[in-house]
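Dear colleague,

I am handing over the structure below for your use. Please look through it first; my findings follow it.

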Amino acid sequence: MTLDGTNTWLLKAPDASSYVVIDPGPLDEAHLKRIASFGPIAEILLTHGHPDHSEGAREFAELVNAPMRALDPTFTYGSEGLVDGDVITSAGLELRVLGTPGHTSDSLCFVIDGEAVLTGDTVLGRGTTIVAHPDGKLGDYFESLKLLAELPENTAVLPGHGPELADAGEAARMYLAHRTQRLEQVRRAVESLGGSPTPRQVVEVVYADVDRVLWPAAEWSVRAQLEYLRTGH
């Protein structure tokens, strides 16, 4: 589910003395202490609240005495929350908050204009992500991918999992094409299975070539796809 693990990003301008930390990750004390060892932490930001990104965030915030900000107020500590359009000025950087629901309802991306976008689980460094139904909605995800597709050429992707990518727009367009193709496969599977199959039955048809260990995750996305076909959202 996490590919090679969850990426924690430490960012700062070359002449800054402190860092912004994106997604401290799970509650792993050795990992959290290693992040803290890099130097002063000015601020902690979360792309979303899934435990592999956020479980250790509160303990880390207390460890380094830094405020933590997220869309979900549950994960806000010592500061105000975040909303789409906010601009964060910290560690010599300016990060623009981009609301990108779909993977989850609270998913955010952070854009360093002209350079990079931190995408959490909205775009991964390898493969494609899930739409975590019922919190995640496929209609929202399509709109979020369209936003990322409009970023300037050569905006690098710093993802929540996997390696960096060279161009966010290109990656988002690939995701849009993949999701559209999958949706059509689900539509055809529903028809071939009699019109009202279970999500598991659809997974067995559409994801037949995928390792079965990933089928439970695929079922989340299929549930989102079935809802989209029924409701348009």
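I begin with Glu-219, which counts as buried, its relative accessibility being 16%. Here, buried means under 20% relative accessible area, exposed means over 50%, and partly exposed lies in between, for a 1.4 Å probe and protein chains only. Please note that this is a predicted model, in which local features need pLDDT of at least 70 and side-chain atom pairs count only at pLDDT 80 or more, whereas totals for chains, interfaces and linings use all residues. Residues are numbered from 1 along each chain as its sequence is written, and side-chain values use heavy atoms, with hydrogens and water left out.

Salt bridges

The side chain of Glu-219 forms a salt bridge with that of Arg-223, at 3.0 Å from N to O. The term stands for a side-chain nitrogen of Lys or Arg within 4 Å of a carboxyl oxygen of Asp or Glu. Side chains of opposite charge can pair when their charged atoms come close. Both residues belong to helix α7 (residues 215-231) and are 4 residues apart, about one turn of the helix. Helices (H or I, at least four residues) and strands (E, at least two) are DSSP runs, numbered from the N terminus.

By the salt-bridge rule, the count comes to 10. Among them is the one between Arg-58 and Glu-62, at 3.1 Å from N to O. These two residues are about one helical turn from each other, because they are 4 residues apart in helix α3 (residues 57-64). Arg-58 is partly exposed, at 45%, and Glu-62 is also partly exposed, at 45%. In helix α4, Lys-146 and Glu-143 are 3 residues apart, so about one helical turn separates them. Their side chains meet in a salt bridge of 3.3 Å, N to O. Lys-146 is partly exposed at 40%, and so is Glu-143 at 46%.

The nonpolar cores

A nonpolar core is a set of buried Ala, Val, Leu, Ile, Met, Phe, Trp, Tyr and Cys residues joined through side-chain atoms within 4.5 Å. The largest has 22 residues, of which Val-117, Val-123, Leu-138 and Leu-148 touch the most other members. At least two residues of this core come from each of β7 (108-112), α4 (138-149) and α5 (168-192). Apart from it lies another core, of 20 residues, including Ala-13, Leu-45, Ile-112 and Leu-118. Not counting residues up to four places away in sequence, Leu-148 is in contact (heavy atoms within 4.5 Å) with residues including Leu-98, Cys-109, Val-117 and Ala-172.

Strand β8 (residues 116-120) is largely enclosed by the rest of the structure, because 5 of its 5 residues are buried. In a regular strand the side chains alternate between the two faces of the sheet. In β8 both faces are covered, with Ala-116, Leu-118 and Gly-120 on one side and Val-117 and Thr-119 on the other. Two strands are said to pair if DSSP finds at least two bridges between them. β8 pairs with β7 in the antiparallel sense over 3 bridges, and Val-117 is the bridge partner of Val-111. The hairpin of β7 and β8 has 3 residues between the strands, and Gly-114 takes a positive phi near 80° there. β8 also runs parallel to strand β9 (residues 156-159), joined by 4 bridges, and Val-117 stands opposite Val-157.

Helix α6

In helix α6 (residues 199-206), the buried residues are Pro-199, Val-202, Val-203 and Val-206. They lie on the same side of α6, because they cover an arc of only 105° around the axis, taken from the directions from the helix axis to the C-beta atoms. The elements that cover them include α5 and α7.

Annotation

The unreviewed UniProt entry carries the annotation "domain: Metallo-beta-lactamase" for residues 5-161. UniProt positions are given in the numbering used here, feature names are shortened, and annotations may be inferred rather than shown by experiment. In the model, that span is 20% helix and 25% strand, and its end C-alpha atoms lie 6 Å apart.

With kind regards
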